[in-house]
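Good morning, everyone, and thank you for making the time.

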Amino acid sequence: MSPGVGKGGKQEGIGDWARTSPEQCRVYPSTLGVLLPKPGTRGQHPTILSIHVLVRLPAHARLSGWSQEESALSGGGAPDKGLAGLACMSELRLVAYAFGRRLTTRAKEQKEQIVELEQGPRPGKFAMEPLAEKLCKVDITVPSDLASSHSTPCPLNLELWEHDSLLGDSCMLLVPASMPSVAAEVRSLPCGCDGNQDVEEFVADLGRWQRSHQHMATAKSAGVPVGKDTLGGWEAGALLTRQAVVRGLPAVATLLVETLMALSHPSPNPFMQFARAHTHSSSGAAADDTAALGGLLHLALLSPCSTTMLWTVLDWGRQWGAVCGVGSAEKGFSWDWGELNADGVTPKELMELRADEATAATEVAATKAAAAAAA
């Protein structure tokens with residue numbers, strides 16, 4: 001019997017336990033936002049995106065990248081087939097996926113440390129194998145036609161494969177060169193540890209929704225007939241926009257609301273439905289976890305950059321408050337500064353609280369400066 005093959009021809013080793021315990025492997029990118037270079041700056045040459053990734057995997061495993069040529073030689077084009085032909089069962093591969101295709105990936109290990117984790121029993125001969133966290137430099141090749149032909153952010157998935165098993169993955173956002181503010185805001189989001197799963201899910205949902213709905217919005221604005229979008233798709237975009245507001249991401253939120261307002265909606269004034277607190281309820285699989293916080297005014301004032309976010313939201317009201325409305329912003333939509341959220345707090349009260357906090361912070365800073373001068 002050949003090494004790595006158990007009774008009945010079943011392969012043992014990493015694959016044997018990883019298929020039952022994939023949660024012990026992780027892929028942590030150093031950033032969630034990657035800005036593509038400006039079109040034409042590299043001619044017809046492909047773009048190489050270099051990122052650092054922290055990968056948690058069995059200590060004995062060797063990490064490598066993926067390419068179409070190597071995959072074809074080892075058994076096929078897809079990761080589950082292309083990796084099946086590997087003779088070394090301890091080799092894991094990082095596979096990048098974006099624009100609807102896999103991209104050539106090169107991974108170079110730079111640093112390694114053994115990690116202590118609370119682990120349950122694992123089957124297979126590597127049941128007692130310690131886990132390691134390896135810091136890797138990953139180069140992802142983006143063909144020139146893909147890098148220059150996309151005008152909206154899209155998801156970039158980085159997947160960790162062993163044989164035919166997906167052990168772990170993460171999602172980043174590929175941002176066109178024309179949107180540096182969006183890229184900067186996404187890069188500012190926390191990443192790289194187990195406690196940031198909700199942030200990564202937000203970025204993944206943002207990329208998928210924006211990519212799938214941008215073409216519909218563009219076609220509609222150009223007068224080109226498009227298929228009907230579901231109301232659920234509109235509500236998903238509204239939820240993502242509200243999350244971007246409360247996270248304090250003005251450029252990301254504006255990108256989302258521009259796409260959202262270009263889509264069809266049964267209401268005569270979709271912005272009114274979107275901005276009000278009472279129109280959002282938490283139910284179903286896509287429950288709005290921001291609903292209790294209130295409307296757009298509440299969310300802006302609760303965000304980390306409340307002043308910038310508030311001005312951004314108010315500008316939306318001027319731009320879209322009367323869109324598809326009854327004639328004017330005054331008749332179609334106006335902000336309600338006395339609107340209550342689930343805690344009975346109004347935007348006016350939140351603004352007064354923010355003003356008091358700013359005054360207190362200024363006084364503290366002045367006191368510290370005076371004390372430093374006196375010393």
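**Salt bridges in helices and strands**

D205 and R208 both sit in helix 6 (residues 197-221), 3 residues apart, which is about one turn of the helix; helices here are DSSP runs of H or I with at least four residues, strands are runs of E with at least two, and both are numbered from the N terminus. This is a predicted model, in which local features need pLDDT of at least 70 and side-chain atom pairs count only at pLDDT 80 or more, while totals for chains, interfaces and linings use all residues. Residues are numbered from 1 along each chain as its sequence is written, and side-chain values use heavy atoms, with hydrogens and water left out.

The side chains of D205 and R208 meet in a salt bridge, N to O at 2.9 Å, where the term means a side-chain nitrogen of Lys or Arg within 4 Å of a carboxyl oxygen of Asp or Glu. By this rule the count comes to 8 salt bridges.

Let us turn to the strands. Strand 7 (residues 105-115) and strand 8 run antiparallel and are joined by 10 bridges, pairing being called when DSSP finds at least two bridges between two strands. E109 forms a salt bridge with K134, with the closest N and O atoms 3.6 Å apart, and this pair links distant parts of the chain, since E109 lies in strand 7 and K134 in strand 8, 25 residues apart.

Is K134 buried or exposed? K134 is buried, at a relative accessible area of 3%, whereas E109 is partly exposed at 32%; buried means under 20%, exposed over 50%, and partly exposed in between, using a 1.4 Å probe and protein chains only.
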